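The following report concerns one protein chain, whose sequence and coordinates are shown below.

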Amino acid sequence: MSDSLSPGSPSGGVADAVAFITSAAATLIAQKWGLRAPVVHKALSTPEAVAVITTRYLLALGSGMTPAEAAGEVGRSLLADASQRAA
């Protein structure tokens with residue numbers, strides 16, 4: 001059995017959302033601080049980072065947010081975290 005999520009699985013939407021959040025956040029963080037997007041994306045794609053992003057997304061969904069609202073909330077929190085670390 002594979003650890004990866006297939007697009008047809010119920011969790012496929014979560015994996016797709018996390019991939020989108022990671023890509024968008026990496027692009028925005030790279031632009032804000034003049035970094036290379038692939039480097040930031042690699043940092044946000046570690047198993048630990050993906051676990052944090054997934055957990056934040058699922059918690060946001062569990063609080064009653066729509067998938068779009070949850071993705072936006074998680075993305076904003078990643079940008080806020082990056083801003084705090086850069087300060």
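## Buried face of helix α4

In this predicted model, the buried residues of α4 (buried: under 20% relative accessible area, exposed: over 50%, partly exposed in between, with a 1.4 Å probe and protein chains only) are A70, A71, V74, G75, L78 and A82. Viewed along the axis of α4, these buried residues fall within an arc of 130°, so they line one face of the helix; the arc is that of the directions from the helix axis to the C-beta atoms. The exposed residues R76 and Q84 sit on the face turned away from the buried side of α4.

Helix α4 comprises 20 residues, 67–86, and spans 29 Å between its first and last C-alpha, close to the 28 Å expected at 1.5 Å a residue. That expected span is 1.5 Å times one less than the number of residues.

T22 lies in helix α1, residues 12–33, and counts as buried at 4% relative accessibility. A polar atom of the T22 side chain is 2.8 Å from the backbone oxygen of V18. Beyond neighbours within four places in sequence, T22 is in contact (heavy atoms within 4.5 Å) with H41, L44, S45 and I53.

## Overall architecture

The protein has four helices and zero strands; helices (H or I, at least four residues) and strands (E, at least two) are DSSP runs, numbered from the N terminus. Of its 87 residues, 25% count as buried.

## Basis of the values

Residues are numbered from 1 along each chain as its sequence is written. Local features need pLDDT of at least 70, side-chain atom pairs count only at pLDDT 80 or more, and totals for chains, interfaces and linings use all residues, while side-chain values use heavy atoms, leaving out hydrogens and water.

Key:
A polar contact is a pair of N or O atoms within 3.5 Å; within protein, one must be able to donate a hydrogen and the other to accept it, and residues adjacent in sequence count only if both atoms are side-chain atoms.
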